[in-house]
Amino acid sequence: MLAPREIDEYLLPTERRVIRVRQHWAVMMNHVSSTALFLLALVIGERLLPDSVLIDNLAWYLALVAVLRFTILTILWWIERIVITDKRVMLAQGIITHNVGMMPLGKVTDLTFQRTLGGRMFGYGTIVVESAGQIQALNRIDYLPRPEEIYERCPSSCSARRARRAPPGCSPGRAGAADEHPGLASSVPHPRIDLHTHSTASDGTDRPAELVAVAAEAGVDVLAITDHDTTAGWAEAAAALPAGMRLLRGAEFSCVSPTGRGDRDVAVHLLGYQFDPEHPAIVAEQARLRAERVERLRRMTEKMAADGYPVDPDAVFSLLPEGASAGRPHLARALVAAGVVGSVSEAFATLLYNGSPYFVPKTDTPVRTAIDMVRSAGGFAVFAHPLARRRGRVVEPSMIAELAEAGLAGVEVDHPDHAPEDRALLRKLVAGTTLVATGSSDYHGTNKTTPIAAETTHPEALEELLDVTTGVEVLTG
Ligand code: AMP
Ligand code: ZN
Ligand code: FE
Ligand code: FE
């Protein structure tokens, strides 16, 4: 087929299309008149010049080329599409190879609207898009049909962003005018996005299908399943996806990182998303860590049993599904079941905390290696709860900035374990780097008290993160 792919295929999971049009037919008038003039010139030339087979042939071929050119231009015009979404303006063109030019509305600093006499007569206009410093693919859109309507809708999308980014009391610029004519985009509510949750494939208490159901019940539109060191929950979660919900598939990688202070390394968590789950390095490293997790939890359990605590390794592991990652919360539940403590949190506070006499460390992956693995498997990496201080020592913000240079794409800013001042600090850090801020609940079912979607990610942040991924598709139910 010559026709291009449906341009809606280029839309991101969180993006809504506002307008899709082709350029006004007046754009073809130039081609019609130039082709007609050229053909007329050929006819006149032929009449004036002396009779010759060579000239006849030449005129014939030139006429053929002119007609072909006109046909191609007509087809190009017919299949070209200008698409305006709540995030960007796109221009899709090309017959055999399909080019998509785009201009994110977030980069738009000003929009002006120009109209010639011809435009007023036939109903088209030009929108000139000025952007912040960067040269973008679309700087002006000529021969736009129904330009007033589009102009009204387009800045209302921009203003939605500006209003969000601007501090309170700040003038929203051109948004005022647009507010009087709210476009489609401004009336569309944001999708609810939770990018960090656990199932029984690691230390959560909901099976992957239950996790998806809980998310749907809570009004989550985009969910990520991110079990520790395993992708074992992906298939069940995918199969349980209800209509309209989207699923990112990920994992939380157990890592170790320098702190940036020159003291000993610290355990950190890295969220990897949308990577190819069959990437050999990831398969091998996750299998190694899961084996190590079992061994380490067995040793912790044995240490406690030796001290007289009523826990037994077989009982701890009996709850673990195939391919699942064992973690301290499994031991914590065994302690709750045995009546030693009243809750999982109490087990952590009294017996299982980092540095407790019963704590046994595991050999985690160097964080830069994990970032490389995720990226080479087509995914993107986000630093999970980097400033969760109540879990122990944390890295310096300078270390997060260094990891951004090593390919880290995002940082979890809004997380239940982050204090307000640390969130502010991380926001400042994000503003000065290429990092994208995310927010997530780190839901663990009844192993933690945080409900799903207690913290969420802004759709634009997700979009930026998904921009470069090639590993697996975002699934839609
Ligand atoms: P592990 O992966 O075995 O080292 O266990 C650490 C995991 O236990 C973390 O990823 C958290 O999900 C969970 N965890 C840590 N601290 C607590 C706490 N105070 N209460 C409940 N769960 C916790
Ligand atoms: Zn966990
Ligand atoms: Fe974590
Ligand atoms: Fe987690």
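Me: A residue counts as buried if 20 or more other C-beta atoms lie within 10 Å of its own. What percentage of the residues in the protein chain are buried?

Reply: This is a predicted model. Of the 477 residues in the protein chain, 39% are buried. The chain has 15 helices and 16 strands.

Me: Why does Val411 count as buried?

Reply: Val411 has 28 C-beta neighbours inside 10 Å. The cut-off is 20 or more, so Val411 counts as buried. Val411 is part of strand β14, residues 410-414.

Me: Which residues does Val411 touch, not counting those up to four places away in sequence?

Reply: The partners of Val411 are Val382, Phe383, Pro386, Ile400, Leu426, Val430, Leu435 and Ala437. The C-alpha atoms of Val411 and Ala384 are separated by 6.5 Å, although these residues are 27 apart along the chain. As for the protein chain as a whole, among contacts between residues at least 6 apart in sequence, 69% join residues at least 24 apart.

Me: Which members of the largest nonpolar core touch the most other members?

Reply: They are Leu270, Ala381 and Val411, in a core of 58 residues. Another core, of 19 residues, lies apart from it and includes Leu297, Val316, Val344 and Leu352. In soluble globular proteins, nonpolar side chains tend to be buried together.

Me: What makes α1 roughly antiparallel to α2?

Reply: Helix α1 (residues 27-48) and helix α2 (residues 53-79) pack at an angle of about 175°, with their axes 10 Å apart. Angles over 145 degrees count as roughly antiparallel, so α1 is roughly antiparallel to α2. The residues of this contact divide into 13 nonpolar, four polar and one charged. On the α1 side they include Phe38, Leu39 and Leu42, and on the α2 side Leu62, Phe70 and Trp77.

Me: Why is α10 called roughly perpendicular to α11?

Reply: The two helices pack at an angle of about 105°, and their axes are 9 Å apart. Angles of 65 to 115 degrees count as roughly perpendicular, so α10 is roughly perpendicular to α11. The contact is made by Arg328, Pro329, Leu331, Ala332, Arg333, Leu335 and Val336 of α10 and by Val344, Ala347, Phe348, Leu351 and Leu352 of α11. Ten of these residues are nonpolar, none is polar and two are charged.

Me: Which residues surround ligand 1?

Reply: The shell is made of Asp203, His228, Gly327, Arg328, Pro329, Val344, Ser345, Phe348, Arg391, His444, Asn447 and Lys448. The largest share, three residues, comes from α11. By class, the shell around ligand 1 has three nonpolar, five polar and four charged residues.

Me: Which residues of helix α12 are buried?

Reply: In helix α12 (residues 367-376) they are Val367, Ala370, Ile371, Met373, Val374 and Arg375. The buried residues of α12 pack against β10 (246-257), β11 (266-273), α8 (280-306), β12 (365-366), β13 (380-384) and α13 (397-405). Just after α12, Gly378 has a positive phi of about 85°.

How values were computed:
Residues are numbered from 1 along each chain as its sequence is written. Chains are lettered from A and ligands numbered from 1 in the order in which they are written. This is a predicted model: local features need pLDDT of at least 70, side-chain atom pairs count only at pLDDT 80 or more; totals for chains, interfaces and linings use all residues. A residue is near a molecule or strand if its C-beta atom, placed from the backbone, lies within 6 Å of it. Helices (H or I, at least four residues) and strands (E, at least two) are DSSP runs, numbered from the N terminus. Ala, Val, Leu, Ile, Met, Phe, Trp, Tyr, Cys and Pro count as nonpolar, Asp, Glu, Lys and Arg as charged, and the others, Gly among them, as polar. A residue is buried if 20 or more other C-beta atoms lie within 10 Å of its own, exposed if 12 or fewer, and partly exposed in between; C-beta atoms are placed from the backbone. Two residues are in contact if their C-beta atoms, placed from the backbone, lie within 7 Å. Axes are lines fitted to C-alpha atoms, for helices over the stretch in contact, and angles run from 0 to 180 degrees between N-to-C directions. Angles under 35 degrees count as roughly parallel, over 145 as roughly antiparallel, 65 to 115 as roughly perpendicular and the rest as oblique. A nonpolar core is a set of buried Ala, Val, Leu, Ile, Met, Phe, Trp, Tyr and Cys residues joined through C-beta atoms within 7 Å.
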